[in-house]
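Work through the exercises below with the model open. Try each task before reading its solution.

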Amino acid sequence: MAGLSTVLVMLFVAWAGVALETRRVLDAKTASLLSVWLGYVARTHTFYDSLEAITETDCGGAHLRQLNTLIYNDRQIINVWFFPDGGTKTSCSTSFGRLPVPHDFGPPLNAKLFTDGREAWYRVPFEAVDTVDRVTIIKKGRYGLTFAPTGGLKEAGSEQFFASSPNTPFSALYHFNGDDGLLEKYRENWGPVFGDTYGLACGPGDPRLCYLTMIPIEQVFRQTLPLLGLFGLFSVFAAFLVYQRVNRAVLEGRSARGRVRRAIAKGGAGFEPYYQPILTLDGMTCAGCEVLARFQDSCGKLMPDEFIGLIQDQNLTWEFTEIIISRALDDLRPVLASRPGFKVSVNFFQADLDDTQIQALVQSPVFTAANEAGISLCCEILETGIGKGTSIAKSLAYLRGIGCQIAIDDFGTGYSNLAQIYALKPDLLKIDKMFIEDLSTSADSARSAFLHAILDIADAHDLKVCAEGVETIEQLSSLKEQKVEFAQGFYFAKPMPLGDFARYLEEQAQKQELPEDGKIIKLSPAAS
């Protein structure tokens with residue numbers, strides 16, 4: 001009986017843990033989806049003035065072109081509607097052009113979500129186009145906006161999108177979509193351990209937008225039945241061992257996060273800068289290096305793809321970047337004393353370059369230290385992290401003003417358009433290695449053709465180009481023929497600790513061009 005009681009207790013503890021974790025995850029996903037809607041609502045507030053400033057009002061070609069120009073670089077807005085008299089009838093839109101017959105959407109929502117004159121239609125029928133069934137519009141004056149659809153949570157068994165008042169949170173002032181009885185069930189629910197699992201997120205204001213999701217208890221139970229069955233099959237001792245194993249696995253999963261957090265709190269203990277040379281292809285000289293971080297403590301090593309995500313999750317990106325730059329400056333100051341103009345490239349996180357974080361840059365001592373040491377820093381930004389280039393314009397202007405160069409890293413792998421790239425005014429494009437790989441096999445591949453296009457763009461806008469991931473003499477020869485300015489990769493050297501890098505510079509300085517066999521001095525770095 002004691003053993004059975006222990007097993008039952010263990011089963012209950014396991015179930016409670018699963019249920020509470022399911023609710024935590026559901027709450028987070030629900031809040032994330034609601035934030036998309038709130039972002040759309042906020043976006044409309046600043047967009048209407050630009051629309052009303054348009055002089056054309058006839059739904060003609062010029063009018064539609066002006067509307068399309070406004071939303072060209074906006075990834076959120078997918079359609080602009082024009083209501084000539086400011087009423088409920090639309091005559092044209094950017095997606096569908098001029099409508100044969102003005103379409104009347106009827107009365108807008110009576111949820112009274114806005115106090116500035118905005119009105120909304122949520123998933124109203126739209127029969128004017130065969131491929132569209134329903135649309136959602138937020139309108140002010142003569143223009144309405146439709147945003148990219150957000151969809152729902154695939155994990156949820158039921159959901160409700162509604163407006164409520166903070167004074168009566170369990171009452172829906174207006175029901176937009178989903179199960180209109182879900183809010184009442186949520187109010188009467190006993191919680192995730194004894195009932196269904198709910199996730200609720202509400203925005204600001206009165207009234208406010210709310211999103212409620214639910215996963216049935218039987219669904220959660222089915223998903224965890226193997227684990228619960230395992231606890232029920234063993235004796236008290238076996239159940240205890242299984243619980244210990246699960247608990248240890250959880251602790252081990254968190255340990256890497258804790259190790260990284262403690263290392264940064266201690267000023268970077270465990271982090272070590274590694275250096276990969278960047279060579280000029282006209283003279284095959286080392287003109288700079290990229291600083292890369294490695295981590296090892298008493299528990300072992302963590303690879304960059306492990307600790308970088310942990311740093312971002314804990315919002316420690318700028319603390320980490322400052323540590324790496326400071327360590328690199330301490331390392332390189334004596335090594336580069338006789339190498340004026342040597343470029344030291346450091347990867348920056350896009351979040352740290354956001355204009356709202358500019359004070360962190362201005363107040364950071366690392367840039368002053370770099371100037372005093374005569375070291376030229378190059379700020380590398382991943383193309384995939386650019387987003388809207390204007391959000392980091394002030395920070396980049398500051399960096400450029402204190403002598404830093406700007407480089408777009410892994411160019412060609414992101415979805416940014418050329419306008420966003422040009423807005424950043426970079427000095428250097430670093431071509432991702434996947435476009436370099438094909439140079440060893442075929443000069444006519446699609447990636448090789450894209451490389452040619454990149455080089456043409458760079459030449460037209462006076463941008464320097466650095467090829468990443470060079471591993472063969474064929475790749476090197478092809479890049480030289482195409483007059484690429486810089487390159488880095490395993491063909492020259494792998495990332496290496498300071499001692500190896502200093503010896504590499506000494507040996508490489510003796511070689512100003514390729515010998516007849518097509519090879520240059522290479523140094524095998526320490527094992528990493």
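**Exercise 1. The whole chain**

What percentage of the 528 residues of the protein chain count as buried?

Solution. The share is 44%. Buried means under 20% relative accessible area, exposed means over 50%, and partly exposed lies in between (1.4 Å probe, protein chains only). This is a predicted model, in which local features need pLDDT of at least 70 and side-chain atom pairs count only at pLDDT 80 or more, while totals for chains, interfaces and linings use all residues. Residues are numbered from 1 along each chain as its sequence is written, and side-chain values use heavy atoms, with hydrogens and water left out.

Next, count the elements. The chain has 16 helices and 19 strands. These are DSSP runs numbered from the N terminus: helices are H or I with at least four residues, strands are E with at least two.

Last, take the contacts (heavy atoms within 4.5 Å). Of those with a separation of 6 or more, 64% join residues 24 or more positions apart.

**Exercise 2. A β-α-β unit**

Trace the pairing of β18, then state the handedness of the unit it forms with α15 and β19.

Solution. Start with β17 (residues 428-431). Four bridges pair β17 with β18 (residues 464-467) in the parallel sense. L429 has V465 as its bridge partner in β18.

Move on to β19 (residues 486-487). β18 and β19 are also parallel, over two bridges. Here A467 is partnered by A487.

Right-handed means that, with the strands pointing away from the viewer, the path from the first strand over the helix to the second runs clockwise.

**Exercise 3. The nonpolar cores**

Which residues of the largest nonpolar core touch the most other members?

Solution. They are F271, V344 and F492, in a core of 76 residues. Such a core is a set of buried Ala, Val, Leu, Ile, Met, Phe, Trp, Tyr and Cys residues joined through side-chain atoms within 4.5 Å. Helix α7 (residues 317-335) gives the largest share, eight residues. A second, separate core has 41 residues, including W15, W37, C59 and A156.

Beyond four places in sequence, its contacts include C289, V291, L332 and I375.

**Exercise 4. Two single residues**

Is Q276 buried or exposed?

Solution. Q276 belongs to strand β11 (residues 271-280). Its relative accessible area is 8%, so Q276 is buried. Its side chain makes a polar contact with that of Q488 at 3.1 Å. A polar contact is a pair of N or O atoms within 3.5 Å; within protein, one must be able to donate a hydrogen and the other to accept it, and residues adjacent in sequence count only if both atoms are side-chain atoms.

Compare G39, in helix α1 (residues 2-52). At 29%, G39 is partly exposed. Its C-alpha atom is 9.2 Å from that of Q76, 37 residues apart along the chain.

How values were computed. Pairing = 2+ DSSP bridges.
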